[in-house]
Amino acid sequence: LKRIWPDFTTTILDTGVGEDVRYISMDERIYWSDGVGKTGVIDNGLPRTWGIEVPAISSVTATAGTLTAGTYGVVITHERSDGQESGAGISQAVTVADGGGFTVTWAAPSDSSIERVNIYVSDQNSTTLYKVGSTPASTATYTYSGGVLGRTLDTQWLEPPQACSNITDFRGRIYMSVGEYVFASTVFGYELYDLRDYHAID
């Protein structure tokens, strides 16, 4: 995949791209896929990933704190330098004693554009997740001992798109086909897809 300049020189944007590339231009960005295994975005003339992979927690261990005894859920998300936040998977449960807390650890992201890790925690014996902190991704650890709960997590179960063979847009969503299935992004959230939600093409 190359960018052609006015003097007909070229710059390589990506390699190993299939021959049948489909793309769509939205908000001065180009979203593309080769339908085989590659997706990407051209943003301000530079290549980057289309969406952010859902991060995984390495461990959650009980520590001292001010929490009430019970079971708490915890997940993390990645945040890119432009403010785009990743999706999140199933929360990990940790049981703490009265006056306890817990420490979360994760592997440093391989994507250099990931600047921060956001931490979301549920209330005692609940499933709704709230943002409780944000830290540089390289820190790789965060300890929660209690405090004010922030905004609710709104990207759980969302993921980046799969490689697709057709792309179009309609009413603020990017639609794509993967085999016999059609997936839609969230409204104006072109890098987040609920892959559990699809339409089968007969």
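**Sheets and a hairpin in a predicted model**

Let's start with an open sheet of three strands, ordered E7-E10-E13 and paired antiparallel. Strands here are DSSP runs of E, at least two residues long, numbered from the N terminus, and two of them pair if DSSP finds at least two bridges between them. This is a predicted model, where local features need pLDDT of at least 70, side-chain atom pairs count only at pLDDT 80 or more, and totals for chains, interfaces and linings use all residues. Residues are numbered from 1 along each chain as its sequence is written, and side-chain values use heavy atoms, leaving out hydrogens and water.

- Seven bridges pair E7 with E10 (residues 100-105) in the antiparallel sense.
- Threonine 61 has threonine 103 in E10 as its bridge partner.

**Sheet E3-E4-E5-E6**
- This open sheet has four strands, with antiparallel pairing.
- Its edges are E3 (22-26) and E6 (46-48), each with a single partner strand, so one side of each is left without a neighbour in the sheet.
- E4 (residues 29-33) and E5 (residues 39-43) run antiparallel, joined by five bridges.
- Opposite tryptophan 32 you'll find glycine 40 in E5.

**Hairpin E14-E15**
- E14 (residues 166-170) and E15 (residues 173-178) run antiparallel and share five bridges.
- Isoleucine 167 has methionine 176 in E15 as its bridge partner.
- Two residues lie between the strands of this hairpin, and arginine 171 takes a positive phi near 50 degrees.
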